[in-house]
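Work through the exercises below with the structure on view. Each task is followed by a solution in steps.

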Amino acid sequence: MKKQVALVLLFCFTLACGAVLFEFQARAQEAETYKVDKEKCALLIRYGKDALDRARYEEAKYYFQTAVQTDPYNPKPWNWYDLASFYAAADQMKKEGKYMVRPTQPAETPALAPGASEKETMTAPAAPQPPAAPPAAPQPAPKFKIGQDEGC
């Protein structure tokens, strides 16, 4: 009976040591194969900022994505990548003519009458306002739907 317990304990000890050694070896391999290059990351961020300044959003997105891959623990390239992604999506929507929110004319600026110039509208006397209507019932918020997710 003592031999069986000793064998079971030896087996468990060997198994535990093997698991620890395997984990240690896996981490050592990961550290060897993956090296953080801070200088390359900084250079790629600079290139990405230059591309953003020139309104080349897809190119900037590429540079920031490469910077993230170079140094994934640095929050700067992640933030710049997110910003470039938003700009690229907005630029694409602008090119396609698809807007999520259409601009409306504010209530305090008077609408132009057909054929009237902006100067005539500004100098014309204000018409008497009808009494204010009671507030309308609140309408449900429109549902937002993501068409294509980039995974960022």
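A crossing of two helices is called left-handed if the near helix is turned anticlockwise from the far one by less than a right angle, and right-handed if the turn is clockwise. The model used in these exercises is predicted.

**Exercise 1. The overall make-up**

Find how many helices and strands the protein has, and what share of its residues count as buried.

Solution. Start with the elements: the protein has five helices and zero strands. Read from the N terminus on, their order is α-α-α-α-α. Next take the burial: 14% of the 152 residues of the protein count as buried. Last, look at the contacts with a separation of 6 or more: residues 24 or more positions apart account for 54% of them.

**Exercise 2. Helix 2 against helix 4**

Determine how helix 2 and helix 4 are oriented to each other, and which residues make their contact.

Solution. Begin with the geometry: the two helices pack at an angle of about 25 degrees, and their axes are 11 Å apart. An angle under 35 degrees counts as roughly parallel. Helix 2 and helix 4 are therefore roughly parallel to each other. The crossing of helix 2 and helix 4 is left-handed. On the side of helix 2, the contact is made by Cys41, Ile45, Lys49 and Leu52. Helix 4 contributes Lys76, Pro77, Trp80, Leu83, Ala84 and Tyr87. Sorted by class, this contact has eight nonpolar, no polar and two charged residues.

**Exercise 3. The span and the buried residues of helix 3**

Check the span of helix 3 against the value to expect for its 14 residues, and say which of its residues are buried.

Solution. Helix 3 covers residues 57-70. At 1.5 Å a residue, its 14 residues should span 20 Å. The end C-alpha atoms of helix 3 are 20 Å apart, so the two values agree. The buried residues of helix 3 are Tyr57, Ala60, Lys61, Phe64, Thr66, Ala67, Val68 and Thr70. These buried residues pack against helix 2 (38-53) and helix 4 (75-96).

**Exercise 4. Helix 3 and its two partners**

Work out the orientation of helix 3 to helix 4 and of helix 2 to helix 3.

Solution. Take helix 4 to begin with. Helix 3 and helix 4 pack at an angle of about 155 degrees, with 8 Å between their axes. Angles over 145 degrees count as roughly antiparallel, which makes helix 3 roughly antiparallel to helix 4. The crossing of helix 3 with helix 4 is left-handed. Among the residues of helix 3 that meet helix 4 are Glu58, Lys61 and Val68; Trp78, Tyr81 and Asp91 are among those on the side of helix 4. By class, the contact of helix 3 with helix 4 has 12 nonpolar, two polar and three charged residues.

Now turn to helix 2. The axes of helix 2 and helix 3 cross at roughly 165 degrees and come within 8 Å. Helix 2 is therefore roughly antiparallel to helix 3. Helix 2 also passes helix 3 in a left-handed crossing. Residues of helix 2 in this contact include Leu44, Tyr47 and Gly48, and those of helix 3 include Glu59, Tyr63 and Thr70. Here the classes are 11 nonpolar, three polar and three charged residues.

**Exercise 5. Leucine 52 and alanine 88**

State where leucine 52 and alanine 88 are found, and which residues each is in contact with.

Solution. Leucine 52 is found in helix 2. Its relative accessibility is 13%, so leucine 52 counts as buried. Apart from neighbours within four places in sequence, leucine 52 is in contact with Tyr57, Ala60, Phe64, Trp80, Leu83, Ala84 and Tyr87.

Alanine 88 is found in helix 4 and counts as buried at 3% relative accessibility. With neighbours within four places again left aside, alanine 88 is in contact with Tyr57, Glu58 and Lys61. From C-alpha to C-alpha, leucine 52 and alanine 88 are 9.7 Å apart in space, and they are 36 residues apart in sequence.

**Exercise 6. A loop residue**

Locate alanine 55 and describe its phi.

Solution. Alanine 55 lies in the loop between helix 2 and helix 3. Most residues other than glycine have a negative phi. The phi of alanine 55, in contrast, is positive, near 60 degrees. With a relative accessible area of 42%, alanine 55 is partly exposed.

Methods: Residues numbered from 1 in each chain as written. Predicted model: local features only at pLDDT ≥ 70, side-chain atom pairs only at ≥ 80, totals over all residues. Heavy atoms only, no water. Helix = DSSP H or I, 4+ residues; strand = E, 2+ residues; numbered from the N terminus. Expected span 1.5 Å × (residues − 1). Buried < 20%, exposed > 50% of the residue type's maximum accessible area, 1.4 Å probe, protein only. Contact = heavy atoms within 4.5 Å. Axes fitted to C-alpha atoms, helices over the stretch in contact; angles between N-to-C directions. Parallel < 35°, antiparallel > 145°, perpendicular 65-115°, else oblique. Nonpolar A, V, L, I, M, F, W, Y, C, P; charged D, E, K, R; others polar.
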